[in-house]
Structure formats: structure tokens, C-alpha cells
Amino acid sequence: MLVQSSRGSVQVDRSLELMMREHGKTRLRRLMSPITDHIKRGGTLADAFRLQRRYVPEQFLELIDAAERGGKAEIAFEYLAHDYEKRLEFLRAMTRQLLYPLLLVIIAVYVIPWYTGVMTTALSVEEFTCRYLFQIVISWLPFLGVFAVLRHFDLIEKLTYTIASRTWPWRGILHQMALVRFFRTLSMLLDAGLTVPRAIERAAATTVNPRVRAALVKAVPMVQQGTELTTALKSTGMLPELALEMVRTGEFSGRLEDLLRKPAQYIEESTTHYVYMLQYTLVALVIPIIIVLIILMQIAAQVTFVFRLIREMLAH
């Protein structure tokens, strides 16, 4: 809605008020109310969203701040809408792909042991089932407690990002998406008239990746000393060769702002393709492994049941 309103020259505070009316007494309305009040009092859009930094991602805040300084807030809204749509699409696809493996895991971890217990216990089915479910709940209580504490202190997202940024394959994926944000923001800020060093500094902040940001910021003093942008960016060691070639073409053709969007599009498309291929590969590997484990557990359960019967027969 913010994208459509900005295109129609509707003020941001008015757009937020319309959003609040549409959602009634929902959580979104409670989040938007202090933001709208801050803007009406003359505060900046970035500062208004920072009032709710507990619920707003750092990437969102940095991008809005950079766009507002460059007078390109509507472009930032469009990019954020596109980014969250891609995330939602990926999560839906991942959910569909993992649904069947998750079902197999539940069967292997909970259903088969329950069935084996029912066949071998002296208790009634109802009594055994109640005890079994109670044990499951007790086993999950520590995890639920830790999750509740992390959620209360808003540490889940930070912890998840920290772990993902240091493990394969998410480390590479997060690195590539940070570069996408860098190129798109850099193009937006240069188009708004910011100087190249200032644009690099603000665009690097939107990556929300300490390693990538620290490397990209090193290009700022080089550009200030007269070094070509392509050479400065290449010295960071963060960018693929094809992206550097596109930047070099933009510098020589005088269309740097337009051509900076090309590396962002190229990196995003290649990363999306890699993620989907990785997703399908992992699912294809996980399903056979789970099926084999289920079969082995079933065989073990049947063997245990047979030996117990033989032991009882010999005892009599």
C-alpha cells in the first residue's frame, strides 16, 4: 500500500492512517500508531520506524534511512515490497517441499515408537497413549522455554542470522543478498544526486552484514582519492567479476545509475536459482534417508516384539 500511495503522491502519514483503518484493532495498527504520530510531529520517516526497531528489521531501517536522505523513499518501498514478496514465495515453496519429509520424521520419531509400545505394553491403549503424550510434552518443555525467552528479548532473529551467516550454505546466500541490497541502494542514491563516496557508505550500511559492510566501506577513501569506482570495488574482494564489468561499463558510458541495477538483478536471479536447486537436492536426499530409517526402526521393533514373545513362552 505504501508503494501505491507514494506513486500517487499521497503523504506517508496519510498512507499509514489508511492502513491502520483497514486493519482495525490488529497488531499492525498498534505498531503503526506511534510511527504515524512521530511523522505528524515533524520527525523523519527513518526515525519514526526506529521507534519500533523491536519489530522492524535492521535492513528495513537502513534502507529507509538511505532512501529518505536521497529523496527516493518510493523506490525503497518498491524494493522492500519486492524483497518481502520473494521471501514469502521462498517460504511457501520450502514449506511445500518439507511437508512430506516432516511427516516422515514425525512417523519415525513418534508414531512408530507409540505403535511398538502399544503392542508390547501391559497397559491399556488409552493409558499408554496418555503417558506417551505426557512424555512428549515434557521432552519439549525445555525447547519451548528457551524459545519463549529468546522471543521475549527479541533475540531469535539475531541469533538465527548469526548462526546462518557462519554456516554453509546460508553464509554464501546471505552474502549474495547483501550485495543485491548494496547495488540497488547505490543506484538509488546516485540517481538521487548523492556523491559516490557518500552513496557507497550509505549503501554498505543497508547490507546488514558486518563482514560485507566493512569490506565495501574500504572503497570510500579510494574513491575520494580519485580511484575509479570499479577499481575501488574490486579491491574489496566482495564482488563477482561479471558485476564489476557491469559497473565498469556504467562508468564509461555515463549510465552508472541504470547499469548498477543489472548486477543486482543478475546476483538475485543466480542466488534464487541456487537456493531452489539446493532445496530440491536436500529434499531428494532427506526423503530416502528417512524412509530407510523408518524401515530399520520397524524391523527393530518387530524383532524386539518377537524376542519378547519367545522369552515369555520359554518362561511359561
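What percentage of the 316 residues of the protein count as buried?

1. In this predicted model, 35% of the 316 residues count as buried. The accessible surface of the protein is about 19100 Å², and carbon and sulfur atoms account for 64% of that area.

2. The secondary structure consists of 16 helices, with zero strands. Among contacts between residues at least 6 apart in sequence, 53% join residues that are at least 24 apart.

3. The largest nonpolar core has 56 residues. Those that touch the most other members are Phe-49, Ile-64, Phe-182, Phe-183, Leu-186, Leu-233 and Leu-239. Helix α9, spanning residues 170–191, gives the most to this core, contributing 11 residues. Another core, of seven residues, lies apart from it; Ala-108, Ile-112, Val-283 and Ile-287 are among its members.

4. Leu-233 deserves a separate entry. Leaving aside residues up to four places away in sequence, Leu-233 touches Phe-182, Ala-219, Leu-239, Leu-244 and Val-247. Of these partners, Phe-182 and Leu-239 are also listed with Leu-233 among the core residues that touch the most other members.

5. The packing of α9 against helix α11 (residues 210–217) may be examined next. The two axes come within 10 Å and cross at roughly 45°.

6. On the α9 side they are Arg-171, His-175, Ala-178, Leu-179 and Phe-182, which meet Arg-211, Val-212 and Leu-216 in α11.

Definitions and conventions. Residues numbered from 1 in each chain as written. Predicted model: local features only at pLDDT ≥ 70, side-chain atom pairs only at ≥ 80, totals over all residues. Heavy atoms only, no water. Core = buried A, V, L, I, M, F, W, Y, C linked by side-chain atoms within 4.5 Å. Buried < 20%, exposed > 50% of the residue type's maximum accessible area, 1.4 Å probe, protein only. Helix = DSSP H or I, 4+ residues; strand = E, 2+ residues; numbered from the N terminus. Contact = heavy atoms within 4.5 Å. Areas by Shrake-Rupley, 256 points an atom, 1.4 Å probe, with all protein chains shown as cover. Axes fitted to C-alpha atoms, helices over the stretch in contact; angles between N-to-C directions.
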